[in-house]
Structure formats: structure tokens, C-alpha cells
Amino acid sequence: MNVDYILGSKEDFFKFLDSIGLKDKVAVLTHNDLDGLSSGLFLEKILEAKRIKVDYIDFLEIKSDMAKEVLVKLKDKDITKVIISDINIEGIDYEGFEEMRNEMGVFLIDHHPIGDKLIDKSNIIKVVSQDCTGLITFILGEDFLDSEEWGWLVCAAIFADYSFRSEKNLRFLQSFYPEAEPDTISSSVPGINARKISSALIYYKSDPRYVYNLLKEKNLEEISETHEIIEKEVYRVVDDFPKSRKYFPKREIYFYEVKSPFDILSYVATLIGGADPDKNILFMMKAKNLVRFSARSSNGKIDMGELMKKGIEGLEDANGGGHIPAAAAQVRSEDAEIFKKRVLEDD
Ligand SMILES: [Mn+2]
């Protein structure tokens, strides 16, 4: 399959791998979601085939100083070469990313838009957002990966990142699952696998490495067990939604607080928002010292991205934004009421 590269090429990637010597210590850093985990696994397999040992692998959460934070760990472990995947780290923490590139050899593979500050575009592969990183690394590794063995995982990543919306990616998925069609894909094997893995990532929220190892062992049985627990919890909340939601007529928004020991906020928001696209809904979930919000206006009646930005204006340690139909925000616990008032009631 052909990949349309926005930046970099397959040759660049293998040149970088060839630059890795016996004395180098190698790390793989990837995103802590399904696409991230699958690309990390494919990278590890490619490196293994090239007889390069991975000394450290980490699954990162997106946050503003993420490159700086992980750089401390990398230096501590004397890492000299790093491959980063599925994170637009050059956009999120530009300074930290450049600092890392000064200290060690870095190669980035990603499908998010290129950060505006980026000047040095070497050692970076960027592709369109619709080509998930799991797919890109799978294609990069096609000479080294057993596609019979890992087809199920790349297809689950394609489902999870909505990459099947592009014609060529759908055809790729159908080469493994000929019966999968866009309108029935969520009940197809890759759709179900993706939902199971996403549940396992919620269940083991603080330990994505554990889920990574289950994937590596192809232990779908244990993944299914966590899925049942999470599904049950999600449906409990979905049932409670019509009973406990509150309507704010001024903006025509429903407000609902998700109460659960599991981080099911965006799962619930996507499910309820998708099932009732005519409703505008603000979901809230309390975390340790902060409160997180997820907003849906599936028919796009309200620009939720803009509304989230308006809600956090001037609030300390707050962030928020997103797309018109789906957006998110988080604020300190003490600012939650201000945020709610701005979003639900103010002019
Ligand atoms: Mn991704």
C-alpha cells in the first residue's frame, strides 16, 4: 500500500535505524491510546527484526510539558536514540522536543498536524490525520512484520481512529475482513476488538503498559473480561442519564455529571451524544484536584470547541477546546462552578 507522506519518507526512517549502533540505548515513546499502543508494538517488532534492542518503552499522556518531563527519564536511563509515535510532540511541547533533539537522536512518526513553530523538519514522518500511526508503522514494517499475526491489531487501530473513512484504508481493512462495511463496522471483528481494547485502557488507566503486554501476548480473553466490567458501568450511566440530567433552556444544553470509579467520561459522551444527535450536552466528571468536561453537539448546532474556550478564559491551569460537535475542557475544582455558569447560562 502507498502512503502519502507530508514530511519524511520510508528511507528516512530506515536510515535512522541504520544509524543506531551497538553502543546506543534505544527508547520508544508512544501515545497511551490504542493507535499509540499498536504503533509502539509494530515499532518494537521492526526493531527486533533489525536486531535492535529496545531499552525503554513508555506510553505518554498528552500534556503541555510532556517532552521535558520524559527527557529527564530518558537521560536518567542514558538513552541515545528515541523513536516517538502518534504524538504531535513538536506542537505540544516544542521547546522540550528541541531540547530532546539536541541531547539525542530523535525520529518522529505522526499523523497530527505539524506544529507551527517547527523549523528543522529532518527525521520526521508526518502523514494525513486519516492515516493512523498504527497503519503507518505497519506499512513501514511490511517486510518485517507477520501480517497474519498482527492484521487484527492494525485493523482495530484503524477502527479506533476512524481511519476507515478514507477509501484506501477501508480497502486495506477489508483485505483482512472482507465483510466489514462502513455502516456495520462497529459490530465487525475489528470494531469489537477496538472497543474491547479501549475498555481495557480505561480499566487499567494508570497502567497502559499492562494492556500493551496483553496485546503483545494476544491475550484477548483478559481484555474481554475488563470490557464486560466497563460496558456494564457505561450502561448503568447511560440509563441514569435521562433521570439525572438537568436542562438549561437559555443555551438549550443538557448538563449531566458522570459518577463512576472508572474514567468513562468521553466514552459516555460519545455514546449518548451519538445516540441523540439533536441534543446539546455538557458532561462533567470530577477527578482528584480538577474537574473535566466533555461537550457534544453532534448536529453541530453549537460550536462546542469555541464554547469550551470561552468557559476557561482567564482560569488558571485550565485548558479546553476541540471541534464543533465534540470538545473537552478541564479546570481546577474551585473553578468548576464559574466554568459551568459561563457555558450553560451566561451571554
Ligand atoms: Mn493516533
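Mentor: A helix axis is a line fitted to C-alpha atoms over the stretch in contact, and the angle between two axes runs from 0 to 180 degrees between N-to-C directions. Helices (H or I, at least four residues) and strands (E, at least two) are DSSP runs, numbered from the N terminus. This is a predicted model, in which local features need pLDDT of at least 70 and side-chain atom pairs count only at pLDDT 80 or more, while totals for chains, interfaces and linings use all residues. Residues are numbered from 1 along each chain as its sequence is written, and side-chain values use heavy atoms, with hydrogens and water left out.

Trainee: How do I read helix packing, and at what angle do the axes of H2 and H7 cross?

Mentor: Two packed helices are described by the angle between their axes and the distance between the axes. The axes of H2 and helix H7 (residues 147-160) cross at roughly 150° and come within 9 Å. Their crossing is left-handed. Left-handed means that the near helix is turned anticlockwise from the far one by less than a right angle; right-handed means clockwise. Contact means heavy atoms within 4.5 Å. H2 contributes Leu 34, Asp 35, Ser 38, Leu 41, Phe 42 and Lys 45. H7 answers with Trp 150, Leu 153, Val 154, Ala 156, Ala 157 and Ala 160.

Trainee: What is the handedness of the crossing of H13 and H14?

Mentor: Right-handed. The axes of helix H13 (residues 304-312) and helix H14 (residues 336-344) cross at roughly 135° and come within 8 Å. That angle makes H13 oblique to H14. Under 35 degrees counts as roughly parallel, over 145 as roughly antiparallel, 65 to 115 as roughly perpendicular, and the rest as oblique. Among the H13 residues that meet H14 are Leu 307, Met 308 and Ile 312. On the H14 side are Phe 339, Arg 342 and Val 343.

Trainee: Next, burial. Which residues of helix H1 are buried?

Mentor: Buried means under 20% relative accessible area, exposed over 50%, partly exposed in between (1.4 Å probe, protein chains only). In H1 (residues 10-18), Phe 13, Phe 14, Phe 16 and Leu 17 are buried. They lie on the same side of H1, because they cover an arc of only 150° around the axis. The arc is that of the directions from the helix axis to the C-beta atoms. On the other side, Glu 11, Lys 15 and Asp 18 are exposed. The cover over the buried residues includes helix H2 (34-49), strands S4 (81-85), S5 (105-110) and S6 (124-127), and helix H6 (133-140).

Trainee: Which residues are the protein donors of the manganese ion?

Mentor: Donors are N, O and S atoms within 2.8 Å of the metal (3.2 Å for Na, K and Ca); water is not among the atoms, so sites may look incomplete. Here the protein donors are Asp 35 (OD), Asp 86 (OD), His 111 (NE2) and Asp 161 (OD), 2.2 to 2.5 Å from the ion. Their spacing in sequence is D-x50-D-x24-H-x49-D. Asp 86 sits in the loop between S4 and helix H4 (89-92), and His 111 in the loop between S5 and S6, 25 residues apart. Both Asp 86 and His 111 are buried.

Trainee: Which loop holds Asp 78?

Mentor: The loop between helix H3 (66-76) and S4. Asp 78 is not a glycine, yet its phi is positive, about 55°. It counts as exposed because its relative accessible area is 53%. Asp 317 also has a positive phi, near 55°. Its loop runs between H13 and S11. At 61% relative accessibility, Asp 317 counts as exposed.
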